[in-house]
Amino acid sequence: MEGGGDVDAVVAKVWEYYQRLRHYVGHVTDDGIPDFQWTDFLAQKAQAAKSNHAALEESSLILNLAAVHSTHASNYLITGNAFLSVVKEYLLVAGIFKYLEEHHPDEAVFDLKKANLSAMQQLMLAQASHSYYLHLVSSASPNPKTCMKLCVDCLTQYTNLAAVFRVLEGINPTFREFIEYYRVYFEMKYWVHRSEVARQSIKEHDPYVEDTLGMVILGLDTNLKRRLPLPKDSKKYIEPSNELLTELQSFHEYLTTENRKVYSVRIPKELKMPDLVVSQQLKPKELVIPADLEDNLAQLPPAHLCHDYRDFKTMIEAKVAMAQEKAEVTMMEHRTELTNLQAVSLLSAMPSEGGPVLPESLSTKLKTILSDHPQPVVWLKETLAAMRASAEVCSSDISSVENMYNTAKAGDEKGFEEFGERWYTGSAKFVDMPEGAMLMKAVTDYKGRLESAEASNREMDERLSVDMSVLARSIAEHEEWLASGGEPVSEKSEDLNVMLDELAKLVNEFEIVCSDVEGSISELRAYKEQDLENLMPELLASSNYKLLIQNKTSIVEGKAKKVEEKTEAVDRVLKQISEKVPPIKERLSKMASCDKREKVAAYIANLDKLSTVFMSAKVDMKQGKDFYVGMVEACAVLTERMKSFTSAVEAQAAELRQILSLRNRTQNLIDNDAALAAKMAQEEQEQFNKAQQNQAPNHASIYPPQFTPNPYAYSSAPPLPAAHCNNYGARGGGGGFWRRQY
């Protein structure tokens with residue numbers, strides 16, 4: 001239900017049933033009312049409520065309206081747009097729960113308990129604030145302080161909701177999981193916005209940034225160690241969670257670096273959160289039940305009449321659409337054929353007392369072209385050259401992206417060759433990283449788009465390969481040229497004059513019948529709209545509505561037949577024109593000045609053709625320019641993302657290479673020391689044995705029995721410093737960049 005039309009249709013159906021229900025209940029006794037049964041959807045365990053009182057049915061219908069609008073709002077959020085529309089939807093849902101709480105509470109039905117309705121109203125208001133926050137942060141240039149303020153509002157509302165839902169008995173635990181996730185999410189997001197404010201202050205050289213910088217760094221460090229409590233259905237929450245952790249990591253590195261290089265602010269030991277106060281409280285939108293629901297419902301059309309009405313409406317719309325499409329396609333083909341016959345240009349080229357002039361339609365077209373582009377040919381060439389320059393920029397960016405990716409890939413493979421499987425301990429290969437795969441997929445997509453665009457450019461070259469210099473002339477120059485190529489009227493023979501007059505009448509008749517076709521189509525369309533608008537009252541008032549529908553169907557078919565007949569008349573006139581043109585051309589070829597007249601006719605036809613080519617090329621050029629502007633921006637963004645990605649990967653790889661090299665050197669040192677110690681122990685034992693033989697002094701006081709000196713104290717390599725362990729953990733499985741999914 002992404003579109004509003006589907007929601008409106010569902011809501012209309014609900015209110016229609018609501019209306020019929022109230023009318024039905026008002027005309028029967030309680031014994032004639034069947035049991036209404038509904039199943040709770042807020043409860044942890046499904047519970048069925050049954051009653052023959054219409055109040056349960058009415059309340060449940062209104063409750064279902066809340067479900068319809070909230071589902072519509074959630075579908076909007078999935079597409080990532082129209083956040084303001086989502087805000088209105090959630091405020092309306094909050095108003096529905098408020099209306100039920102005030103007018104239809106029922107402690108016997110779980111969904112209609114006052115506490116549950118109040119909690120759901122608060123949840124919808126929180127969702128509305130959440131959607132408004134998304135609208136703000138997705139704007140072109142969001143204000144960091146305003147974003148932080150709205151983030152605190154959302155955090156406050158979800159914190160309060162967590163306390164409310166915690167004490168609700170029997171509520172579906174999905175609500176608690178959802179609320180707890182967003183409570184922690186906005187708590188972490190708060191430090192992102194505080195970091196944005198701090199970064200802005202640093203760039204503006206604000207001296208007061210030192211007052212908060214330490215607390216911001218502590219908040220980032222604390223939240224980087226947290227993990228969001230993902231709900232059971234966590235697929236749609238994974239990507240936002242990873243993006244949030246990426247933002248926290250990025251700001252932590254930036255602010256920590258700035259503090260170390262510039263400010264040297266002491267990091268506090270205790271983290272202080274903001275005061276949880278809602279600064280901008282949204283209010284529920286009041287539910288308004290349509291006034292006509294209170295009227296007498298006896299005039300509602302019966303179901304079988306509505307069914308026949310829908311069938312008739314569908315049939316009429318199909319007939320009108322078919323007749324209109326067929327007529328428009330045929331008219332386009334006939335006009336194209338008339339242009340190919342060159343009948344109009346042939347008439348315009350015939351000499352007269354005032355000399356030949358440009359046809360009015362062609363003159364208007366040329367004025368439009370020359371007013372917009374005094375040098376149309378130059379404009380076309382410059383525009384095409386600019387598009388190709390943009391294509392080169394895009395190709396250069398894509399090559400740069402591929403080079404960065406291949407360089408990082410080669411470094412990863414070299415690390416594996418040097419250190420073996422230890423290089424990939426707890427992490428994926430570079431080629432398996434989602435961010436890199438996604439970026440290279442974009443590279444492939446962009447290449448395909450650029451290749452398609454270049455094919456269009458080559459096609460444009462072919463279209464513009466004709467000599468279009470004649471377009472650069474002014475209207476006066478065209479008319480002067482035509483006048484110089486004309487012939488006196490006296491040279492036309494009488495029979496040729498008759499043939500030309502007949503051709504002129506046929507061309508004029510062609511335009512008239514074309515107008516008749518367009519008028520018949522408009523008449524058919526207007527009758528359909530007016531007839532369908534007034535049809536239902538007529539059907540209700542008719543004693544035999546089926547006969548009325550049959551008569552109206554005949555009328556529509558007659559009007560569609562009229563359109564078809566008018567179209568056939570156009571075909572007949574065109575055939576007569578096609579029969580008149582060849583004899584006229586044959587007669588003109590026998591006249592002394594035939595070359596000049598044909599030259600004028602050919603000139604006008606060529607000018608008309610080139611004007612049409614230019615107008616078409618202009619539209620294509622506009623689309624091409626817009627495409628390349630978007631592609632240049634997209635390639636620049638792609639380059640920056642690949643640069644950030646590969647820089648982070650290469651930085652981590654360099655750190656890991658340093659750690660593994662240090663471990664290798666340490667192990668070698670230990671192995672060498674062990675061999676030396678064994679040799680020294682053997683020499684000392686030999687000296688001791690020799691001294692015993694020579695009755696040398698007893699050295700038992702020096703070394704206790706069964707004790708051999710150990711040259712090193714560690715049974716394995718000494719532990720690396722804490723900083724190195726942290727860095728290695730970032731690569732090998734302790735969290736950090738290498739485990740993130742893009």
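**Figure 1. A salt bridge between Asp571 and Lys575 in the predicted model**. Asp571 and Lys575 are separated by about one helical turn because they lie 4 residues apart in helix 16. Their closest N and O atoms are 3.6 Å apart. Asp571 is partly exposed, its relative accessibility being 27%. Elsewhere, salt bridges that share partners join Glu180, Arg183, Glu187 and Arg226 into one network.

**Figure 2. The salt bridge of Lys319 and Glu557**. The two side chains meet at 3.5 Å, N to O. This pair links distant parts of the chain, 238 residues apart: Lys319 belongs to helix 9 (residues 303-341) and Glu557 to helix 16 (residues 545-589). Lys319 is partly exposed at 31% relative accessible area, and Glu557 is partly exposed at 40%.

**Figure 3. The salt bridge of Glu418 and Arg657**. The closest N and O atoms of this pair are 3.4 Å apart. In total, the structure holds 17 salt bridges.

Figure 4. Asn116 is buried, with a relative accessible area of 3%. Beyond its neighbours within four places in sequence, Asn116 is in contact with Leu42, Phe110, Leu168 and Ile171.

**Figure 5. Helix 13, residues 434-463**. At 1.5 Å a residue, the 30 residues of this helix should span 44 Å, which agrees with the 43 Å between its end C-alpha atoms. The buried residues of helix 13 include Glu435, Leu439, Tyr446 and Asn457.

Note on methods
Residues numbered from 1 in each chain as written. Predicted model: local features only at pLDDT ≥ 70, side-chain atom pairs only at ≥ 80, totals over all residues. Heavy atoms only, no water. Buried < 20%, exposed > 50% of the residue type's maximum accessible area, 1.4 Å probe, protein only. Contact = heavy atoms within 4.5 Å. Helix = DSSP H or I, 4+ residues; strand = E, 2+ residues; numbered from the N terminus. Expected span 1.5 Å × (residues − 1). Salt bridge = Lys/Arg side-chain N within 4 Å of Asp/Glu carboxyl O.
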